[in-house]
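Subject: Handing over the two-chain model

Hi there,

Here is the structure I promised to pass on to you. Please have a look at it first, and then read my notes below.

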Amino acid sequence: MEQTIKYYQTGTFTVGNRLLAEDQRTVQADMHRTNSLNSGHRACQGCGEALGARYAIDAAMRATGNKLICVNATGCLEVFSTPYPETSWQVPWIHSLFGNAAAVASGIAAAQRALGREDVRVIAQGGDGGTTDIGFGCLSGMFERNDDVLYICYDNEAYMNTGVQRSSATPPAARTATTPAVGPVPGNVFGTGKNVPLIAMAHRIPYVATASVSNLRDLEAKVTHAMSIRGARYIHIFVPCPLGWGSASEETILIARLAVESGLFPLFEAHHGKVTARGRIRRQVPVTEYLKRQKRFAHLFGNVPDLARIAQLQQMADQNIVDFRLTEDDPPPAPSQGRGNDVSLPLGGGPGRGST
Amino acid sequence: MMDKPFAITLDVGSSLANKTGAWRTKRPQYVDRLPPCNHACPAGENIQGWLFHAESGDYEAAWRVLTEDNPLPAIMGRVCYHPCATKCNRGELDEAVGINSVERFLGDEAIRRGWKLTPPKAESGKKVLVVGAGPSGLSAAYQLRRLGHEVTIMEAGPFAGGMMRFGIPKYRLPRDVLDAEVQRILDLGVKLELNAKVERIEETMKARGFDAAFLAVGAHIGKRAYIPAGEAARILDAVSVLRDMEGEAKPMLGRRVVVYGGGNTALDVARTAKRLGATDAIIVYRRTREKMPAHESELQEALEEGVLIKWLSTIKSVSGEATLTVEKMKLDEKGFPQPTGETETLEADSLVLALGQDVDLGLLEGVAGLEIKDGVVQVGPNMMTGRAGLFAGGDMVPSERTVTVGVGHGKKAARHIDAWLRGAAYAALPKHEVASFDKLNTWYYADAPKTVRPQLELARRTSTFDEVVQGLDETTALFEARRCLSCGNCFECDNCYGVCPDNAVIKLGPGKRFEFNLDYCKGCGVCETECPCGAIKMVPEET
């Protein structure tokens with residue numbers, strides 16, 4: 001995943017580094033990057049999804065020599081990028097319905113196969129609503145058929161485009177329009193939601209990974225790796241939403257980083273259903289550092305702080321740290337090839353679910 | 001046919017038509033803030049600026065930026081007490097950058113490779129006299145010469161260097177290094193007259209037709225304290241001892257040497273005594289370690305070499321040849337030492353007084369308009385004395401009396417002398433806001449511990465005058481340079497270019513930094529938050 005380069009001021013943490021050779025810099029550092037999602041889009045100030053989409057698609061464009069077709073589910077990303085007659089996409093791009101992005105992508109992949117165009121690759125992308133709820137059936141089908149598609153979910157943990165309604169990726173305690181911060185248990189209830197990366201792993205598809213807009217190099221490496229593999233692949237990218245989360249627009253990347261560093265959003269890779277690599281926490285922080293910067297969790301920090309629920313959220317993070325060995329130094333064993341039966345899924349944890 | 005991306009068939013409108021810059025209430029601006037190291041440097045070096053070049057391995061460019069402000073990097077890298085490192089923001093992260101050791105590496109590299117200073121572009125036709133070839137005089141001469149003036153240094157002693165030669169022992173500053181850096185300044189065309197004591201400054205200036213003069217005669221007269229002593233007592237002063245070290249006949253200090261005082265000079269004498277064969281070198285100091293004016297690194301090295309220190313003690317009297325009476329002191333509520341009446345005796349072959357130095361102001365006799373206070377010459381903010389055209393700096397004006405302060409005085413005075421000669425006033429550019437630690441996003445910096453310079457093994461260093469602190473080699477110097485956080489100054493990490501959700505940052509290419517595309521910048525401020533070094537500032541849009 002990340003290369004260790006010693007003796008450099010910023011090592012590989014920054015987007016670029018003038019002391020590194022060109023080929024060791026990120027795609028985003030390139031003066032001639034594709035800018036697949038171009039300026040003029042109507043995403044909010046500090047939009048994590050706009051950033052994550054450009055990171056991912058630019059990396060995929062480089063990996064495929066710009067021979068890429070993107071399918072988009074309905075959602076913020078689709079709406080803010082393509083108000084008729086304008087488009088921000090500098091890549092062949094198609095939108096059909098909210099729930100069928102994976103199916104449309106499967107069809108395009110089949111068409112390319114029929115045409116004998118092995119060089120043209122397909123990406124389907126959507127938000128968490130279009131992925132974990134509405135498009136879930138099509139997604140699971142794409143996985144079980146092992147269609148040659150990379151599906152990317154930009155997870156901002158609710159239906160932001162329609163006004164911040166809860167999705168199955170909304171974390172416990174978060175306030176949304178449909179889980180208001182009222183009553184004895186304000187915000188989203190604990191014990192609900194689903195963890196799609198783990199569900200994708202259960203399909204034993206060739207590649208599943210989580211990524212964050214705070215870890216650009218890691219994100220690009222995962223997209224690049226995914227494009228080197230054939231078959232169904234899934235990458236789940238954590239993208240803060242300043243509007244829906246009630247966070248400051250300038251803190252988008254900071255908040256994404258705190259989610260990773262607290263353990264709430266574990267970074268990992270899995271091949272054929274088995275975790276093969278995970279991102280090590282560099283500077284561990286308590287979950288409160290992450291939560292307190294977002295108004296959707298403000299009710300936890302009122303005059304009487306809701307210590308019990310904060311502790312439950314911390315428990316989720318701690319469980320992730322244990323399950324994914326996020327603070328350990330030793331590298332996990334090399335990825336096993338083929339769809340074997342040696343699958344060990346971490347129980348619980350992961351994004352979007354808390355214990356009851 | 002339009003140049004369309006792969007598989008695009010229809011002409012579509014681009015979102016570039018939608019100028020999202022109109023949403024903005026705050027706009028980002030690239031700024032250059034003042035790095036705390038630069039801010040703290042008494043010589044006014046652009047430290048971040050030269051480290052930037054050293055980071056990429058371009059040592060000559062680094063050395064050239066460095067020598068804009070200070071022509072003596074190899075000396076500075078040995079004798080400066082590096083206030084820069086004390087203020088270094090990296091100190092709050094892990095350890096301060098070893099700026100001083102990189103400086104020394106650059107200085108040594110310049111000597112090894114024979115790099116030359118940049119000669120003046122044109123001659124001004126003005127003649128300036130510099131009195132004293134110490135750090136301040138050399139610095140002024142260098143800067144004045146670069147501005148095209150004809151410069152003559154008159155030095156009373158037999159060699160150039162001043163206190164760098166006659167006050168700082170060889171084990172801290174080898175003489176070949178000193179000679180090399182002095183010679184490089186002379187190579188610019190600066191005239192140096194040795195054994196040329198200026199008796200009366202007004203007469204010399206008139207007789208030789210100098211348009212202006214910079215005085216930097218230093219402080220060479222050891223202060224005495226009244227200590228009742230017998231005829232036979234051997235009492236020396238520290239400055240004379242250190243000066244004699246430069247001559248043929250080394251000073252005779254004996255086997256038990258007591259040094260009285262708590263400054264760097266006291267430590268220099270005690271460490272010198274050890275090297276001359278003294279079994280005991282004891283420093284008697286009237287206050288505590290915390291109050292000691294000597295620098296911690298030098299104290300540490302002295303203690304390692306076996307120098308003993310009697311804290312809270314004064315010398316009351318010397319009886320016979322060899323017996324000192326020492327009185328214990330205690331600090332009062334205000335922190336001043338007060339006598340306790342408790343005494344002890346100490347055997348000593350010699351007593352060296354290191355109680356500070358006075359300035360020989362003889363050359364100023366008959367100069368009108370001067371103000372002398374506390375034995376030093378008063379100067380204005382432009383380093384000019386009360387007599388127009390007569391400037392002064394270094395140890396002879398109120399100052400901290402270090403080599404680096406002296407170099408800074410020389411540079412500052414040279415700029416004002418240059419302006420004065422042209423009938424103008426030198427106005428320094430306004431200083432940028434300091435890039436304090438809270439302006440940084442330290443997440444992006446790789447963890448890297450400091451490279452500590454190797455020191456001579458103890459046994460070897462207490463018996464020889466070999467240099468104690470050795471330099472960095474190229475790899476470690478490069479490592480150390482790359483620990484710089486580049487506080488407040490863009491180092492082209494591409495973060496702003498990468499993290500903008502709106503592609504509203506334009507990368508201009510290596511060395512050219514970036515520009516904001518205000519047509520599309522929505523003013524979210526992610527670039528400011530994610531800039532590692534604090535080189536972006538959000539400012540409110542005017543309505």
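The domain assignment of chain A, whose bounds come from an automatic or database assignment, gives domain 1 (1–32) and domain 2 (34–323). The C-alpha centres of these two domains of chain A are 25 Å apart. Seven residues of domain 1 of chain A are in contact with 10 residues of domain 2 of chain A, where contact means that the C-beta atoms of two residues, placed from the backbone, lie within 7 Å. On the domain 1 side of chain A, the touching residues divide into three nonpolar, three polar and one charged. Here Ala, Val, Leu, Ile, Met, Phe, Trp, Tyr, Cys and Pro count as nonpolar, Asp, Glu, Lys and Arg as charged, and the others, Gly among them, as polar.

Please keep in mind that this is a predicted model, in which local features need pLDDT of at least 70 and side-chain atom pairs count only at pLDDT 80 or more, while totals for chains, interfaces and linings use all residues. Residues are numbered from 1 along each chain as its sequence is written, and chains are lettered from A and ligands numbered from 1 in the order in which they are written.

How confident is the predictor? The model scores ipTM 0.91 and pTM 0.88. Mean pLDDT (the predictor's confidence in each residue, from 0 to 100) is 91 for chain A, with 90% of its residues reaching 70 or more. For chain B the mean pLDDT is 92, and 96% of its residues reach 70 or more. Two stretches of chain A deserve a note: pLDDT stays under 50 over residues 1–6 of chain A, with 10 contacts beyond four places in sequence. It also stays under 50 over residues 332–356 of chain A, with 58 such contacts.

The peptide bond from A:Tyr84 to A:Pro85 is cis, with omega near 5°, and A:Pro85 is found in the loop between helix H2 (76–81) and strand E2 (86–87) of chain A. (Helices, H or I of at least four residues, and strands, E of at least two, are DSSP runs numbered from the N terminus.) A:Ala173 has a phi near 80°, a positive value in a residue other than glycine; A:Ala173 is placed in the loop between strand E5 (150–155) and helix H6 (196–202) of chain A.

Now to the place where the chains meet. In total, 48 residues of chain B are in contact with 46 residues of chain A. Strand E1 (13–14), H16, helix H17 (495–499) and helix H18 (526–530) of chain B are the elements that give two or more residues to the chain B side. By class, that side of chain B has 26 nonpolar, 13 polar and nine charged residues.

Chain B itself is assigned four domains: domain 1 (15–32 + 490–540), domain 2 (36–115 + 452–481), domain 3 (127–220 + 359–421) and domain 4 (224–357). The C-alpha centres of domain 2 and domain 3 of chain B lie 25 Å apart. Between them, 20 residues of domain 2 of chain B are in contact with 24 residues of domain 3 of chain B. Helix H4 (residues 73–79) of chain B gives the largest share of the domain 2 side, five residues.

Finally, some helix packing in chain B. Axes are lines fitted to C-alpha atoms, for helices over the stretch in contact, and angles run from 0 to 180 degrees between N-to-C directions. Angles under 35 degrees count as roughly parallel, over 145 as roughly antiparallel, 65 to 115 as roughly perpendicular and the rest as oblique.

- The axes of H2 (residues 47–55) and H3 (residues 59–69) of chain B come within 7 Å and cross at roughly 170°, so H2(B) and H3(B) are roughly antiparallel. Their contact has seven nonpolar, two polar and no charged residues.
- The axes of H3(B) and H6(B) come within 10 Å and cross at roughly 105°, so H3(B) and H6(B) are roughly perpendicular.
- H6 (residues 99–113) and H16 (residues 474–481) of chain B pack at an angle of about 135°, with axes 9 Å apart, and are therefore oblique to each other. B:Ser101, B:Val102 and B:Phe105 in H6(B) meet B:Ala477, B:Glu480 and B:Ala481 in H16(B).

Enjoy exploring!
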